[in-house]
Amino acid sequence: MLKRKPEKNLKMLKKTAQKTSEKGDFFMKTEKIEEGIRVTEISGLSLPETLDCGQCFRWKADENGNWRGVVKGIYGNIRPEKDGITFIGADEKQFNEVWFDYFDFGRDYDSLKSDFGANEMLREACEFAPGIRVLHQEPWEAFITFIISQNNNIARIKGIVERLCAAFGEEIEPGIFAFPTPERLAKETAESFAKLGCGYRAEYISSAAKEVFEGTLVLEELMKAPLFEARERLLKVHGVGPKVADCVLLYGLGRAERCPADVWMKRVIAALGGEMPACVTEYAGIAQQFLFHYARNFPEKFTGIDKK
């Protein structure tokens, strides 16, 4: 059972109190302050390393160093602190219902990184960016954004996603838009998406939206389905290949055992001898995020490695 330090001058947030660690005991303090919810003593979290490492596409830092983005129709404004972070404008309900699960606060990343350290390359990757976490994104948004990500770079993906939201999403703040619903995108033609710069992916977005809106694909059901069945169902969607399917499983459906293999990870796995090390156990997807970020920042370490 997860042990937590007693809160001072604040009753512990209800949902936080109910969470248990998958990897052992750890501490995290939450405090309601005038500006919002302050979180300290977090087990490994860096906002830049987590929000700008290629797993999500709707966050950016402002001129003050705060990170702003939209999650579940909520406009988030998160300020980094020396000993934690503050969710500006958030109340207990919003923190419990949105941010706790989104940032995977119920998992002990320090313990995970300790286990990963049994492999030299993975240990170096964790030491290089120790504050990475794998986010729990909305299944629908992850589904569409990773379809957009095919053969694309991160800057361009972010641009397309923002244009998609501005064109078809609900305005929740002046100039800030929620991610479009399946119903809204299902009404549009592929040509509408092509005009936003989606290219050949426009047809895939149109087809995917119709499947979800019509109910032939229920993404939430894949969270608990046998992994092989969940993956095979995603691969039946027009335009969804193995990499996109694995990204949706990991980032949108919480399947931490899935390891998406793009060009970077193929090089990494080749350098590891052809497979992920045994120390990752059922957390290959989380280990992958550290390795992916490491490879992108040190490409010279993987130059010339056969990635087939």
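**Overview of the predicted model.** The protein has 14 helices and eight strands, taken as DSSP runs (helices H or I, at least four residues; strands E, at least two) and numbered from the N terminus. Of its 308 residues, 53% count as buried, that is, under 20% relative accessible area, with exposed meaning over 50% and partly exposed in between (1.4 Å probe, protein chains only). This is a predicted model, in which local features need pLDDT of at least 70 and side-chain atom pairs count only at pLDDT 80 or more, while totals for chains, interfaces and linings use all residues. Residues are numbered from 1 along each chain as its sequence is written, and side-chain values use heavy atoms, with hydrogens and water left out.

**Close-up of the packing of helices α5 and α14.** Helix α5 (residues 120–128) packs against helix α14 (residues 284–297) at an angle of about 80°, their axes lying 9 Å apart; axes are lines fitted to C-alpha atoms, for helices over the stretch in contact, and angles run from 0 to 180 degrees between N-to-C directions. The two helices are therefore roughly perpendicular, a term for angles of 65 to 115 degrees. From α5, Met 121, Leu 122, Glu 124, Ala 125, Cys 126 and Phe 128 meet Ala 287, Phe 290, Leu 291, His 293, Tyr 294 and Asn 297 of α14, where contact means heavy atoms within 4.5 Å. The residues of this contact divide into nine nonpolar, two polar and one charged, with Ala, Val, Leu, Ile, Met, Phe, Trp, Tyr, Cys and Pro counted as nonpolar, Asp, Glu, Lys and Arg as charged, and the others, Gly among them, as polar.

**Close-up of strand β4 and the strands paired with it.** Strand β4 (residues 67–71) is mostly covered, four of its five residues being buried. Strand β3 (residues 60–61) runs antiparallel to β4 and is joined to it by two bridges, pairing being assigned if DSSP finds at least two bridges between two strands; Lys 60 has Arg 68 as its bridge partner in β4. Five residues lie between β3 and β4 in their hairpin, and Gly 65 in the turn has a positive phi of about 90°. Strand β5 (residues 74–81) is likewise antiparallel to β4, with five bridges between them, and Ile 74 in β5 is the bridge partner of Val 71. In the hairpin of β4 and β5, with two residues between the strands, Lys 72 takes a positive phi near 55°.

**Close-up of the surroundings of Leu 196.** Leu 196 is found in the loop between α9 (190–194) and α10 (201–214), and counts as buried because its relative accessibility is 14%. Leaving aside neighbours within four places in sequence, Leu 196 is in contact with Ile 160, Arg 163, Leu 164, Ala 167 and Phe 168. The C-alpha atoms of Leu 196 and Ala 167 are separated by 8.7 Å, the two residues being 29 apart along the chain.

Definitions and conventions: Parallel < 35°, antiparallel > 145°, perpendicular 65-115°, else oblique.
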